[in-house]
Every structure is written in C-alpha cells, then in structure tokens.
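Here are my notes on the model, as numbered points. Have the structure open while you go through them.

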Amino acid sequence: MSLQRDVDALRAIPLFAKVEPSRLKLLAFTSEHLDFEPGEILCRQGEPGDAAFILLEGTADVFVDTPRGRVKVATLGKNDIVGEIAILCDVPRTATVVAATRLHTLKIGKDGFFNLVTQFPEVGVEIMHELAARLHHTTQRLTNVSLRLAELEASKA
Amino acid sequence: MEPSIFAFIRKYSWKQQLLILALTFLSFPPLYYSLELPKIIINRALGDPDGPWMLFGYDLERTTYLFGLCGLFLLLVLIGGGLKYVLNVYAGIVAERMLRRLRYQLYEHVLRFPLPHFRKVSQGELVQMINAETEALGGFVGDAFAVPAFQGGTLLTILTFMFMQDPILGVAAIALYPLQIWLIPRLQRQVNELAKRRVRQVRRNAERISETCATIREIHAHGTARYELARFSEQLGAVFWIRFAIYKKKFLIKFLNNFLAQLGPFFFFSIGGWLVIHGDITLGALVAVVGAHKDLSSPWKELLTYYQTLYDVRIKYEQTVAQFAPPGLEPAELLTGEPSREPSFTGTSLRLTGVTLLDDGGEPVLDGVELQLDLPCRVALIGPAGGGREELTLVLAGLLVPDSGRVLIDGLVLHELPEPLLGRKIAYIGSQPALIAGTIEDNLLYGLKQRPRRLVEPTGADRARRARDRHEALASGNSVDPLDADWVDWEAAGVRDPAERLPAMLAALAVARLSDDVYTFGLRGPLPADRPELAGRVLEARRSMRARLAGDERLARLVEPFDPERYNSNATLAENLLFGMPVGNVFDLEHLASHPYVRSILEETDLVDELQRVGYRLAQTMVELFADLPADHEYYRQFSFIAPEDLPEFKAILGKATIERLNRLSAAERDRLLDLPFKLVVARHRLGLIDEALQQRLLEARKRFRARLPAGLLGAVAFFDPDHVNPAASVQENILFGKIAHGQAHAATRVAVLLAEVIDAHGLRDAVIEVGLRTECGIGGARLSLAQRQKLAIAREVLRRPELVLLHEPTLALDAADQPLVRDALLEAFRDRSIVWSLQDQEWASRFERVIVLERGRVVAQGSFAQISGPQLEPVDAPG
C-alpha cells in the first residue's frame with residue numbers, strides 16, 4: 001500500500017520518528033502527493049510558506065540569495081524534509097528549493113500538521129522533544145564556536 | 001388611489017356588483033318555494049285524502065300529484081343550488097379581479113415612490129402588505145353588497161312572518177337587537193385594534209426575517225446568533241400576548257352573542273306562555289314563532305359579522321392606501337409615458353438653477369447649486385465624501401427630485417420628463433449596483449427594455465391563451481404588455497439583427513474588463529444545445545488538446561484523458577463505472593450502487609462481493625484513522641468516506657464479521673459496505689484498494705452498463721465519447737476530455753493556460769464567452785463577486801449607449817490595476833457623449849475637460865484641471 005510507504009517516509013524523518021504510526025497514517029492520508037518537473041520551484045526564499053515537503057524520489061537543490069548572488073547550499077535526496085520551519089512558525093521561506101530531477105514529494109500542509117498536534121497533544125510533546133534536542137545541539141555548537149572565536153581573538157591579541 | 005374601499009368597489013366593480021345583487025334576488029323565489037313545497041306536500045298530498053289534486057291547472061291522480069310535487073321540489077333545490085354556485089363563482093371572480101387590481105396598483109405605487117422613501121419603509125413590510133394583508137380586502141369585495149342583501153332579505157322575511165303571528169312576540173324577538181348593535185361592535189373594535197397591532201407585529205417579524213437574510217454574513221461573522229434568536233423570541237412573544245388578549249375578548253363576544261340569542265326563547269316562553277295561558281295567542285303560533293326565531297339567528301349573526309368585517313376592512317384599506325401614498329409620489333404618467341417633445345442632448349445645455357436637496361433631517365445636502373453644462377461635456381465632480389457629489393449625480397440622472405430649484409435639459413424640466421425617455425437617454429452607474437435575477441445576458445440587456453419592440457405573434461392554442469390573458473388583465477386594470485415580446489431596443493445598442501448581437505455585447509464586456517470573468521464562467525457552463533455548429537469546433541479543439549498533451553511528456557502528466565478502454569485513476573470509481581455524466585437525478589454518483597440497474601450490472605459481473613470486500617477494507621482504514629477524532633472535526637468533511645455519526649455502525653459491522661466471512665452480515669449491512677468504495681479515486685487516496693485486476697473487471701462492467709442500458713434509462717446518462725461532445729458536460733470538460741491529474745504541481749494553472757491556448761487557436765474564445773453570458777447571476781447577483789457585479793453594471797450602460805452617463809465611484813470594487821483601464825475605456829466609449837463622473841481620486845480629474853468641486857453641498861470651484869489644481873484651491877479631503 002502506498003499509504004504505508006508514506007508512513008515509512010514520515011517515520012524516517014527525525015521530527016516524526018517517535019510519533020505513533022496510526023497518527024502518522026492520518027497525517028499521510030490527509031497530505032497530498034505532489035510531483036515536480038526538473039527546474040520547478042517548491043518554495044521561494046522570502047515568500048510565506050504553508051507546507052513542508054518530504055522527498056520520496058529524486059533530488060532537489062537548495063539555494064540562498066545573498067548580496068553576492070544566488071548560492072547553492074545543499075542538495076536534498078530521498079526521505080529528506082524541506083520547509084518544516086514554515087509549518088512550525090510563521091517565518092518566510094529561508095531558501096529557494098528547486099527540483100533537480102523529476103521529483104516526487106509528499107506535501108505536508110500547515111493545517112494538517114497543526115490539526116495533528118492540537119488533536120493529539122502527545123504528538124506535540126514528541127515534536128517538542130525533537131526540537132529541544134535540536135536546540136540543545138545548536139546551542140552546543142554555538143558554545144563551541146564562541147569558545148573558538150574567543151580563543152582566536154585571544155591569540156590575535 | 002380611491003380614498004375608501006367602497007369608493008374603490010364602486011369605481012371598478014359597480015356593474016359586477018349589480019349582477020351579484022340580481023343573482024342574489026333571483027335566488028330568493030326558489031328558496032322560498034323550496035320551503036313552501038314541503039307544507040303543500042304534507043297538507044295536500046298526504047293530509048287531504050279527498051283532493052282535488054291540482055298542479056299547474058291539471059287535475060291529477062293522488063300518487064302522480066305526490067311525485068309531481070316531489071319532482072318540483074327537487075327541481076327547485078337544483079335551481080337554488082345552481083344559482084348559488086354561479087353566484088359564488090362569480091363573486092369569487094369579482095373579488096379576485098379586484099384583488100389583482102389592488103395589488104397591481106400598490107406595486108405600481110412602489111415603483112413611483114420617491115427614492116428617499118425607501119430608507120423609511122422596510123422591504124418585509126411592503127411584501128407583507130401587498131401579499132398577505134390585501135387578501136382580506138379582496139375577499140370582502142365579493143361580499144360587499146351580496147351579504148347584506150341576502151342576509152338582510154332573509155332576516156326581514158322571517159321578521160315579517162313573526163310580526164304576522166303576533167306583534168308582541170315579534171318585538172320580543174328583536175328586543176335585544178339594539179343592545180347587541182350597541183355593545184358587540186364596541187367590543188369588536190377592541191379586538192380589531194388588537195388585530196391591527198398583531199398585523200403590525202407580524203410585519204415587524206417579516207422585516208426581521210428579511211433583515212436576517214440580508215445580514216446573514218454579519219451574524220455568523222460576529223457570532224451573534226444567540227442575540228438574534230433572543231430578538232426573534234421577544235418579537236414572537238409580543239405576537240403571543242396580543243393573540244392572548246384577542247382570544248379573551250373574542251370569546252367573550254361569542255359568549256355574549258350566544259347568551260343574547262338564547263334570551264329570545266326565554267322571552268317567548270315567559271311572555272308567550274303567559275299570553276297562551278290567558279288565551280291571547282294560540283299554542284301553534286307560539287311554536288311557529290319559536291321555530292322562526294331559530295332561523296333568525298343565522299342571518300343575524302352573518303349580518304353582525306359583516307358589520308364587523310366592514311369596519312375592519314375600511315380601516316385596513318385606508319391604512320394601506322396611506323402607506324402607499326407618501327409625499328413626493330411620482331406622477332403615474334411619468335412612469336411609462338412618452339414626452340411630447342424629445343429634448344436634445346447635444347448642442348444644448350443642462351442647467352441647474354438653485355438646486356437644493358434636503359436630507360431626512362431637513363439639512364441641505366445640495367445647497368442652491370447653480371451650474372451650466374454645455375453638452376456634450378466631460379466633467380469630473382470632486383470634493384470630500386458627503387459633500388454632495390453623489391446626490392448631484394443622482395439629481396442629474398433624474399433619480400432624486402430637488403426640494404427646490406430646477407434642472408433644465410434643452411429647456412425642459414428634467415423631472416417632468418417621463419422615465420422611459422430618461423432611461424434611454426441617461427445612465428447612472430453608482431457604487432452599489434444591483435442586478436436582476438437572471439443570466440449575465442439578461443442583465444446586460446436590462447437597460448434596453450423600456451417597452452415591447454417586436455411582438456411575437458402567437459399561434460394555435462397560444463393565441464386563445466393570449467386573448468384570454470389579455471381580456472382578464474384588462475378586466476383588472478393590469479398591464480397588457482406581452483412579456484414574451486422582444487423588449488430589447490437593439491437599435492439603441494447599434495445592433496441591426498438580434499441574431500448578430502454578440503459583437504456589441506463583447507465590446508461592452510471588454511470596456512468593463514469583464515470578458516475574462518465571463519470566459520471563465522463559459523468554461524464551466526454547459527455546451528448550449530441550440531448551437532449545433534459549436535459541437536464540431538469543440539471536438540476539433542478536443543483533438544488538438546489531445547495532440548498537444550500527447551506531444552509533450554510534461555503536459556501529458558497533467559491530464560488523464562477519458563479512454564473507454566482504460567480505468568481513469570484520477571476519477572472516482574462511480575465515474576469510471578458510469579463513464580459519463582448523469583442527466584437529471586436518476587443516477588446519483590454519491591449512491592450509485594443503490595440504483596437497481598447498476599446493482600444488476602454489478603451482480604452480472606460478479607463485482608458485488610469484491611466491492612463489498614473493498615468497502616470492508618476501506619471501513620477498516622477509516623475506523624482506524626478517524627476513531628479518535630471528535631465528531632465535529634473538519635477532516636470528516638474533507639477526507640472521510642464515512643460520516644462521523646455512521647462510524648459506530650461501521651465499527652459494529654467490522655466487529656461482526658471478518659473479511660473472509662462477509663456472508664455473516666445482513667444484506668443491509670453488506671449494502672452499506674458496497675456503497676463505500678464508489679467515491680474512491682485511485683490517484684488521490686493511495687489506499688491500494690483498487691488494483692489492476694479489479695480495474696479490468698470494472699472496465700468490463702462499464703462496457704456492459706452501456707451496452708445493456710434499457711431504453712427507459714437512455715436519457716439518464718451522457719456517456720463520454722471521444723468522437724462526440726457531451727451535452728451534460730461543461731465546455732472545459734468537453735475540450736479537456738479527461739481529469740486534471742492529482743499530485744502534479746500547479747496542474748490546474750498550467751492546464752488553464754493550455755486550455756486558453758487551444759481555445760484561442762481554434763477561435764473559440766468568443767463562443768466560450770457567449771456560453772458564459774448564460775450564467776445565472778443569482779438573486780441580486782449574489783453568485784457574482786462585488787467586482788463582477790460592478791463591471792456588469794458598467795457593461796450594461798456601455799451596451800445601450802445613452803447620451804449622458806453619470807457615474808459615482810463606479811470602479812471602487814475593482815482590482816486596483818483594472819480601475820484606470822476601465823476609466824480610460826469608458827471615456828473612450830463615450831467619446832462623443834456626455835460624462836459626469838463623481839470621483840474620489842483627484843488625480844483622475846486631470847482626464848476631464850472640466851472639474852467641479854463640491855463641498856458642503858455647494859460648488860466651491862470649477863474650471864479646467866489646471867485652474868482647479870492651482871495654488872488658490874484648498875486641498876481636498878479624502879483622496880485616493
């Protein structure tokens with residue numbers, strides 16, 4: 001069953017890894033499959049976002065517009081998620097994502113996601129755990145970077 | 001209108017009333033003799049054994065005499081009843097004609113109300129008055145003279161009879177009449193007063209209901225349903241208490257009436273008994289009087305009721321007439337008349353002298369405006385909102401009548417010119433346009449329908465019907481203009497032949513930038529049955545659409561074409577099985593399996609069990625997915641195959657049997673399961689329930705369904721056929737001939753672009769717009785967006801090309817980008833004609849030859865744009 005395949009894809013995403021399978025099934029059922037041709041844009045930097053995409057097949061390139069022009073920052077492949085920040089909080093897209101090959105995605109709408117969280121608070125708790133872990137990870141890296149920076153400045157002086 | 005109901009009746013139906021009276025009197029003799037005959041039968045035929053038995057001068061044998069009399073009796077009863085029947089029908093016709101006349105007159109008065117009056121009356125009240133409250137008046141008209149004549153005559157006859165028996169008893173019989181005449185109407189008046197209050201209250205209810213309908217969005221948006229319910233409850237309560245008081249009084253009257261009627265026998269037995277004992281009258285006479293008194297009570301009651309109704313109806317009529325005759329009522333001849341001289345709108349001038357217009361509070365909105373506009377002119381009216389711009393355009397359009405001062409066109413007073421003329425020569429486009437319920441085309445042509453232009457000669461049975469209708473309309477003083485005639489003044493729209501009207505309409509749509517909207521409507525509209533040549537072109541477009549899709553792999557993914565040999569994974573199972581559009585409601589896509597013919601096909605192809613198993617699995621998934629969701633969750637509506645209230649039932653079915661043992665379920669339960677999969681779309685739902693093998697079998701069923709379709713059901717499906725257009729499908733569906741695929745990014749937009757390319761390549765765009773013109777606008781244009789309504793109102797006036805067009809902020813609802821385009825197109829469309837445009841945006845005024853600035857109802861500046869925008873002018877408020 002392809003619905004089961006979608007559930008597996010969702011489960012492979014760390015954000016959803018610990019969410020109960022039956023809830024993921026509902027999320028998968030209420031999400032839609034969306035195919036992109038090579039070169040078609042999934043989301044555009046600076047525009048408001050209302051959905052995340054899980055790549056089921058194919059690859060996509062992530063570009064960031066900088067003052068010096070557009071820079072490719074990553075290439076995403078199977079079971080990668082893109083645009084999840086947009087469904088968690090109201091910020092504009094932070095990058096432009098373009099299909100590199102013919103791309104097969106599962107589109108998770110913001111509404112579907114929030115329905116899941118508000119209807120089943122335990123899902124929210126799981127996602128909070130995952131986000132807290134990410135934050136912890138980021139804080140640690142930031143600490144390391146700060147220490148390194150201080151060292152560098154000290155050595156300069 | 002006539003000041004009193006009797007004046008109304010006399011003026012319009014005195015001949016008919018005379019006929020009713022004549023028929024009434026004609027019915028007395030048969031009635032009298034049908035009462036007389038039984039006496040003769042008893043006294044002569046039965047009671048007198050010796051004869052002679054004379055009938056009409058013939059000496060008859062006794063039995064023949066008896067049967068002769070009986071036959072005569074029957075004949076009299078028949079004549080009496082027949083006369084009564086004719087009388088009733090005729091009185092009914094007279095009443096209905098008068099009712100029709102009254103309603104027509106009231107409606108005509110509504111059309112003549114001065115515009116500001118509509119701020120004071122409520123729509124609900126008008127409806128109530130014209131429809132419901134006139135009913136009682138109409139009923140009375142038939143009875144107006146007949147009832148007093150008939151009942152009064154009967155009463156007099158019986159009274160005469162009683163006085164013949166004994167004058168004292170006669171006096172006793174009517175002794176209490178003066179009291180009744182004095183007392184009952186007084187009580188009745190109180191009841192009537194209450195009834196009137198009830199009518200007013202019911203009118204308020206009507207008003208409340210219509211207001212609720214009008215503001216339904218606000219009620220939901222503000223969540224004030226509870227407040228509205230409380231308000232309505234309070235109003236219903238008011239009706240209740242009034243009714244309660246009415247009942248108490250009404251039944252008191254009834255009690256008194258009955259009591260007073262029963263006092264009669266009291267007097268007869270006491271006084272009459274005393275007289276009998278003293279030998280002054282015979283017992284027989286007393287019995288006869290008592291009997292007669294019984295007959296007396298019925299006509300007397302009728303007369304009293306008549307008197308009460310009369311009082312009520314008189315007041316009601318006067319009130320209604322007063323309500324429909326507000327000050328400033330437009331003279332009737334202006335509504336439909338034609339002028340003795342047509343004013344010219346070019347090379348003349350439009351002159352305003354001391355035009356003053358007061359608002360409801362008596363404050364001037366226009367304050368002595370003096371203006372001269374040399375026609376043709378292009379004038380911008382600017383100034384702050386509420387400064388009198390809108391009112392001035394309305395006065396110039398002849399829609400508002402100034403309280404003092406005059407508007408002269410070519411030396412004629414504008415407000416004394418008949419409306420049809422003004423309607424042809426002058427157009428007004430406001431900021432809140434209203435549409436009629438009808439198609440877009442009906443609305444476009446509405447401004448051209450001042451009078452019937454081309455009569456349609458009726459044929460055969462229609463001719464007789466037309467003559468009958470015309471005769472009847474005349475008898476009620478109604479309009480006899482034939483509605484089926486062509487009312488459209490094509491000439492004014494520059495159209496020579498009504499069959500060639502499309503270019504003019506397209507041009508009007510283009511000016512208002514409405515073409516794209518109507519094109520979109522046209523795509524969704526059904527292929528018109530009356531345009532067979534269109535079918536071939538649509539088929540060509542379908543073929544080139546197919547070629548384009550097939551020629552490009554990327555495009556091919558966007559649409560899954562209908563193919564009789566293939567299962568369409570983007571269509572529902574029901575659509576795949578039917579492979580056509582249902583016509584009418586024989587086949588319901590939602591409940592296809594319940595149709596006996598569909599069921600028989602499923603049985604023949606052995607699909608019933610298989611689909612029940614699919615239904616079982618589907619139910620399993622649904623129960624699993626939705627089990628924990630609250631019943632009011634929107635997911636049910638969006639995604640579930642099972643309504644929340646049915647979920648427990650399916651849970652029970654699943655618990656009763658495993659998928660291998662579905663035969664444990666009852667037939668009804670299995671039918672429930674069978675119903676489920678028909679909405680499944682393979683590509684969308686991804687449940688893997690309809691596999692290749694099942695799809696092949698469904699294709700078999702599809703073929704069998706079509707091949708075996710009984711003649712009686714042939715019209716119920718329009719099958720998808722690659723080589724024929726589908727009359728039940730829309731233009732878009734016919735060209736696309738397939739389903740837009742699920743899960744392709746931007747599929748809908750890309751298909752729309754592709755479709756437009758194909759349509760343009762085949763020169764079908766105008767034809768699609770023509771289909772779009774047949775779109776129903778809904779009541780008040782509710783199916784159109786505000787911008788579309790506004791554009792339609794503009795296109796309507798462009799089409800009919802008036803000499804002078806007045807506009808008040810007509811483009812505000814449009815997209816910002818469209819507004820200047822519509823403005824320029826309008827200015828171009830009315831190049832040689834006159835435009836007076838009330839504007840919010842001062843910048844726009846630069847496009848006009850002359851600018852007039854209105855503030856506080858006065859002209860404070862006028863001249864060219866350069867002069868006006870010079871430094872001497874105070875900045876104008878509220879631009880933009």
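1. Chain A first: its secondary structure amounts to five helices and eight strands. Along the sequence these follow the pattern α-α-β-β-β-β-β-β-α-β-β-α-α. Helices here are DSSP runs of H or I with at least four residues, strands are runs of E with at least two, and both are numbered from the N terminus.

2. Some ground rules. This is a predicted model, in which local features need pLDDT of at least 70 and side-chain atom pairs count only at pLDDT 80 or more, while totals for chains, interfaces and linings use all residues. Residues are numbered from 1 along each chain as its sequence is written, and chains are lettered from A and ligands numbered from 1 in the order in which they are written.

3. On overall dimensions, the C-alpha atoms of chain A fill a box of roughly 65 × 40 × 25 Å along the principal axes. Of the 157 residues in chain A, 29% are buried (20 or more other C-beta atoms within 10 Å of the residue's own, with C-beta atoms placed from the backbone). Take the contacts in chain A between residues at least 6 apart in sequence: 71% of them join residues at least 24 apart. A contact means that the C-beta atoms of two residues, placed from the backbone, lie within 7 Å.

4. Now the interface: 17 residues of chain A are in contact with 12 residues of chain B. On the chain A side, helix 1 (2–11), helix 2 (21–30), strand 1 (32–36) and helix 4 (110–119) each supply at least two residues. That side of chain A has six nonpolar, six polar and five charged residues. The classes are: Ala, Val, Leu, Ile, Met, Phe, Trp, Tyr, Cys and Pro nonpolar; Asp, Glu, Lys and Arg charged; the others, Gly among them, polar.

5. Chain A has an open, antiparallel sheet of four strands in the order 1-8-3-6. Strand 1 and strand 6 (81–82) of chain A are at the edges with a single partner strand each, so one side of each has no neighbour in the sheet. Strands count as paired if DSSP finds at least two bridges between them. Strand 3 (residues 51–57) and strand 8 (residues 103–109) of chain A run antiparallel and are joined by six bridges; Phe53(A) has Lys107(A) in strand 8 of chain A as its bridge partner. Helix 4 of chain A packs on this sheet, touching strand 3 and strand 8 of chain A, and its direction makes about 50° with that of strand 8 of chain A.

6. Over in chain B, look at helix 9 (residues 225–277) and helix 10 (residues 283–323): they pack at an angle of about 170° with their axes 11 Å apart. Axes are lines fitted to C-alpha atoms, for helices over the stretch in contact, and angles run from 0 to 180 degrees between N-to-C directions. Helix 9 and helix 10 of chain B are therefore roughly antiparallel (the term covers angles over 145 degrees). Residues that meet here include Phe268(B) in helix 9 of chain B and Leu286(B) in helix 10 of chain B. This contact divides into eight nonpolar, four polar and no charged residues.

7. Helix 9 of chain B also packs with helix 6 (residues 167–174) of chain B; their axes come within 8 Å and cross at roughly 150°. That makes helix 6 of chain B roughly antiparallel to helix 9 of chain B. Among the residues making the contact are Ile168(B) and Leu169(B) of helix 6 of chain B, and Phe267(B) and Ile271(B) of helix 9 of chain B.

8. Strand 15 (residues 850–855) of chain B is worth a look. Four bridges join strand 15 of chain B to strand 5 (residues 378–382) of chain B, and the two run parallel; Leu381(B) is partnered by Ile852(B). With strand 16 (residues 858–863) of chain B, strand 15 of chain B pairs in the antiparallel sense over five bridges, and Val851(B) stands opposite Gly863(B). Strands 15 and 16 of chain B form a hairpin with two residues between them, and Arg856(B) in the turn has a positive phi of about 45°.

Methods:
Buried ≥ 20, exposed ≤ 12 C-beta atoms within 10 Å, placed from the backbone. Parallel < 35°, antiparallel > 145°, perpendicular 65-115°, else oblique.
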